[in-house]
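Dear colleague,

I am passing on the structure below, together with an account of what was found in it. Please read the notes beside the coordinates, and begin with the part on the sheet and its helices.

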Amino acid sequence: MAAALGAGSGSAGPPGLPNSVPGHAALPAVAVWEWQDEFGRWRPYRGSVCSFIEQALQAPAQKGRRSGTGLASSSIPLGQADATLAPYVIDIPSLMQFRQDTGTMRSVRRHLFAQDSAAGQGIVWEWQNDEGGWSPYEMKVCVFLEQAFTHGLRHVDLSSLGYNYDIDFVSLVQTNKTSRFRRGIQRRMDTPYPVTTATGPLHTAVACSCQQCLLNSGTGPITTRYRHSMINLPSSSAVPQVSSRTAALSSSGLSFVPYNKPTLSGARSAPRLNTQSAWALPQPVGAGAPSPGLSASNGVSVPNLPVEMPKPSKVNQALAVTPSEPEQVVRKYLEELRGAPADEDCIICMEKLASPSGYSDACECKTIQPEAVGQLTKCQHAFHLLCVLAMYANGNKDGSLQCPSCKTIYGEKTGTQPKGKMEVSTFTQSLPGHQDCGMIQIVYSISRGIQGPEHPNPGMPYTARGFPRYCYLPDNEKGRKVLDLLRVAWKRRLIFTVGTSSTTGESNTVVWNEIHHKTEMDTNLSGHGYPDPNYLDNVLAELAAQGVTEACLRQ
């Protein structure tokens, strides 16, 4: 019965990108932007954030049509729509979300849904997480659930959407069909998603093979610094929702939303965007108007959105307090180039390297000129020196740099983990998949306290929910190696941080950082238990991304 209901969505590119299908008239629709977490699940931004993104794309496009000119690239700072997303910038040409303080990149996509769907009405379906808060289903699931609910169905099966759950609308319960674990669900009203037009067919079934979806089904992280059009993005199958009783505690993608840092963005020509009535988008201009933006070889037209950084910012303040140290760090790890590559972008400010830095107005430095370009000594990636200076001043200022393109670390990276205790014990009991050895148990204990100068709100209290936290490793050679590296990461304050929980919405609380842990011993229905033959290799890669490698053990 569930499969008979359509998901009601279509995938399409941003305004200015070709998403039309010949022979189809424009239809009213709403646009939903989503980002992909580390489990392959698509998580929708809130309606107000999606409205901001749509407006940001429309503003330069409208300006370009009126003037007959276009701009070269587009980057959208999400902090202007939601303070908790301040470090995040969406790069439209590559459809990537870039976190400026860590260099983490995630895929984003834009889906179109019918105007009378759940998205158009601002209806969100959510499941209760392990911390007692509520997490939204991805939008296609919300639309599906709302259709079933309004049709008067008592229960539906989500397997047609890739999820191993039964939904009971009478008791408002989600049940895992394998483990029989039950969670509460709720239906909530929120800001409707922004209205737009679709020039191709929307989804009419759960598994849709329309042209838009085939062209725009790119998933998975892009690890290179080069931009790609939507049709060049790799595709992969969706991964079912994690249903763990501990998922909220062990997934940085689920439990951490960046705290309110200023965006790292230039301010030379940025227009102010109206977000007061964000979901009513500007009306499209007639088809005869000139197309804004530059066209790539595949014909995709991309508008540009420079980003505004208000003054005074924390970047300026940091440079005013320590005028020489940030510059010394930048000069230590970058070699200045005499000639900048003509066609290459600086992925920090999204300006051409041959043009001045996007920080020339927002970040002043007597010894570094706005036109100066430098190349990192190991990975050879090039950026404006002023952009790297601003990025460093906006971080921990610990004497280290991390390449925002490939994540190569220069120096010793440290984090902002509060004080606490890490205890280790061994047991003869085996973990599933590692029956040939015993088990290592790690216990992390952190208490509530007062934030220091490295935290988002110095002087304010922070909470520490869910401690002590128990984690598990196999007691074999590779497991002991991971343990030794986790000890290094703990000393460098990299395992936890202070931020905002996306599952409960609580700010100023201790959350997992970028290193995943196994918090369950005997089940892997959640992805956070055993057996998992890839876990040890994956966590070693995550530790290496933080600069914690075997070389640290020899020091």
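Between β18 (residues 373-376) and β19 the antiparallel pairing extends over three bridges, and within it Gln-375 stands opposite Ala-382 of β19.

**Strand β2 and its partners**

Strand β2, residues 27-36, is mostly covered, with eight of its ten residues buried. With strand β7 (residues 105-114) it forms an antiparallel pairing over seven bridges, in which Val-30 stands opposite Phe-113 of β7. Four bridges join β2 to strand β14 (residues 195-198), again in the antiparallel sense, and there Pro-28 is found opposite Thr-197. Strand β3 (residues 42-44) is also antiparallel to β2 and is joined to it by three bridges; in this pairing, Gln-36 has Trp-42 as its bridge partner.

**Salt bridges**

The structure holds 20 salt bridges, of which I describe some here. In one of them the side chains of Arg-109 and Glu-138 meet at 3.5 Å, N to O. Arg-109 lies in strand β7, whereas Glu-138 lies in the loop between β9 (134-136) and α3 (139-150), so the pair ties together parts that are 29 residues apart in sequence. Both Arg-109 and Glu-138 are buried.

Lys-481 and Glu-550 form another salt bridge through their side chains, at 2.9 Å from N to O. Since Lys-481 belongs to helix α10 (residues 477-491) and Glu-550 to helix α12 (residues 550-553), the pair ties together parts that are 69 residues apart in sequence. Lys-481 counts as partly exposed, at 26% relative accessibility, and Glu-550 also counts as partly exposed, at 42%.

In a further salt bridge, the side chains of Lys-518 and Asp-532 meet at 2.7 Å, N to O. Lys-518 and Asp-532 both lie in the loop between β28 and α11 (535-545), so the pair ties together parts that are 14 residues apart in sequence. Lys-518 is buried, with a relative accessible area of 2%, and Asp-532, at 19% relative accessibility, counts as buried because the cut-off for that class is under 20%. There is also a network, in which salt bridges that share partners join Arg-46, Glu-126, Arg-188 and Asp-190.

**A tryptophan in β28**

Trp-512 has its place in strand β28, residues 509-512. With a relative accessibility of 2%, Trp-512 counts as buried. Its C-alpha atom is separated by 4.6 Å from that of Phe-496, although Trp-512 and Phe-496 are 16 residues apart along the chain.

**Where to read with care**

The mean pLDDT of the protein is 73, and 68% of its residues reach 70 or more. Over residues 203-324, however, the pLDDT is below 50, and for this stretch the model has 352 contacts beyond near neighbours in sequence. Residues 12-23 likewise stay under 50, and the model gives them 36 contacts beyond four places in sequence. Where pLDDT is low, the predicted coordinates should not be read in detail.

With best regards

Methods
Residues numbered from 1 in each chain as written. Predicted model: local features only at pLDDT ≥ 70, side-chain atom pairs only at ≥ 80, totals over all residues. Heavy atoms only, no water. pLDDT = per-residue confidence, 0-100. Contact = heavy atoms within 4.5 Å. Helix = DSSP H or I, 4+ residues; strand = E, 2+ residues; numbered from the N terminus. Buried < 20%, exposed > 50% of the residue type's maximum accessible area, 1.4 Å probe, protein only. Pairing = 2+ DSSP bridges. Salt bridge = Lys/Arg side-chain N within 4 Å of Asp/Glu carboxyl O.
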